[in-house]
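Morning, everyone. Please have a look at the structure on the screen, and then we'll walk through how its pieces pack.

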Amino acid sequence: MEKGEGIEIKRKYEVNLFPTFLIIGPDGNEINRIIGSDEPEAFIKKVKAAKDPKNSVATLTKRYESGDRDSTFINKYIETLCESALVSKALKVVEELFPKLDNKERFKSAYINLYYQMEDCNSPILDYMIDHKPEIKEYISPEMVDGVIANAVQNYFLMSAPGKGVTTKRSMHMQRS
């Protein structure tokens with residue numbers, strides 16, 4: 001993936017982890033992907049499941065974009081995005097749903113694991129966690145909130161180009177206060 005056509009394939013299909021096994025249709029569109037390696041029998045089982053159109057990221061994305069917000073479907077969609085190493089897309093889904101969820105749902109373990117991977121310091125999820133830290137301690141410990149915030153800031157700076165100044169809404173607010 002680091003040489004020749006691999007660079008273009010990595011960019012086109014948003015490959016972030018290695019090994020990534022892409023299942024590509026005749027039209028060049030991704031049908032599905034498998035992340036990681038496995039024993040031959042287990043890998044074959046994963047490929048068979050990935051070839052089923054109902055399990056494909058593309059099919060689930062179309063369903064989501066058409067407005068399906070059934071909670072069972074949403075959980076499957078987010079899980080599939082994460083299993084496909086498409087964490088930023090999974091976070092966008094959670095971010096869209098976040099205002100509609102109650103705190104118990106917002107801070108279930110699958111979502112907390114996603115929050116640890118946030119790269120956007122301007123995320124309304126981070127703002128909510130900071131602003132409501134005492135109220136949400138029933139669902140997520142203050143130490144976990146601090147960990148999510150610290151990871152988001154660290155990830156944000158790691159993803160920023162070297163030498164560029166980074167300003168967040170929160171830091172601008174703090175500077176004005």
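**Helix pairs, a hairpin and a word on confidence**

Start with helix α4, residues 71-83, and helix α5, residues 87-97: their axes come within 7 Å and cross at roughly 155°. Keep in mind that this is a predicted model. How does α4 run relative to α5, roughly parallel or roughly antiparallel? Angles over 145 degrees count as roughly antiparallel, so α4 is roughly antiparallel to α5. The crossing of α4 past α5 is left-handed.

Who touches whom? On the α4 side we have Ile 74, Tyr 77, Ile 78, Leu 81 and Cys 82. From α5 come Val 87, Lys 89, Ala 90, Val 93, Val 94 and Leu 97. Sort the residues of this α4 and α5 contact by class: ten are nonpolar, none is polar and one is charged.

Now step back to helix α3, residues 57-65. Its axis and that of α4 come within 10 Å, crossing at roughly 140°. That angle makes α3 oblique to α4. Again the crossing is left-handed, α3 past α4. α3 brings Val 57, Leu 60, Thr 61, Arg 63 and Tyr 64 to the contact. α4 answers with Phe 73, Ile 74, Lys 76, Tyr 77, Thr 80 and Leu 81. How many residues of each class are in the contact of α3 with α4? Seven nonpolar, two polar and two charged.

Next pair, further along the chain. Helix α8 covers residues 124-131, and helix α9 covers residues 142-159. Their axes come within 10 Å and cross at roughly 145°. α8 passes α9 in a left-handed crossing. Leu 126, Met 129 and Ile 130 of α8 meet Val 145, Val 148, Ile 149 and Ala 152 of α9. The class count for α8 with α9 is seven nonpolar, no polar and no charged.

Strands now. β1, residues 20-24, pairs with β2, residues 30-35, in the antiparallel sense, over five bridges. Look for Thr 20: it stands opposite Ile 35 in β2. β1 and β2 make a hairpin, with five residues between them. In the turn, Gly 28 has a positive phi of about 90°.

Last, how far do we trust all this? The mean pLDDT of the protein is 82, and 88% of its residues reach 70 or more. Over residues 163-177, though, the pLDDT is below 50. That stretch has 14 contacts in the model beyond near neighbours in sequence.

Technical notes:
Residues are numbered from 1 along each chain as its sequence is written. This is a predicted model: local features need pLDDT of at least 70, side-chain atom pairs count only at pLDDT 80 or more; totals for chains, interfaces and linings use all residues. Side-chain values use heavy atoms; hydrogens and water are left out. Axes are lines fitted to C-alpha atoms, for helices over the stretch in contact, and angles run from 0 to 180 degrees between N-to-C directions. Helices (H or I, at least four residues) and strands (E, at least two) are DSSP runs, numbered from the N terminus. Angles under 35 degrees count as roughly parallel, over 145 as roughly antiparallel, 65 to 115 as roughly perpendicular and the rest as oblique. A crossing is left-handed if the near helix is turned anticlockwise from the far one by less than a right angle, and right-handed if clockwise. Contact means heavy atoms within 4.5 Å. Ala, Val, Leu, Ile, Met, Phe, Trp, Tyr, Cys and Pro count as nonpolar, Asp, Glu, Lys and Arg as charged, and the others, Gly among them, as polar. Two strands pair if DSSP finds at least two bridges between them. pLDDT is the predictor's confidence in each residue, from 0 to 100.
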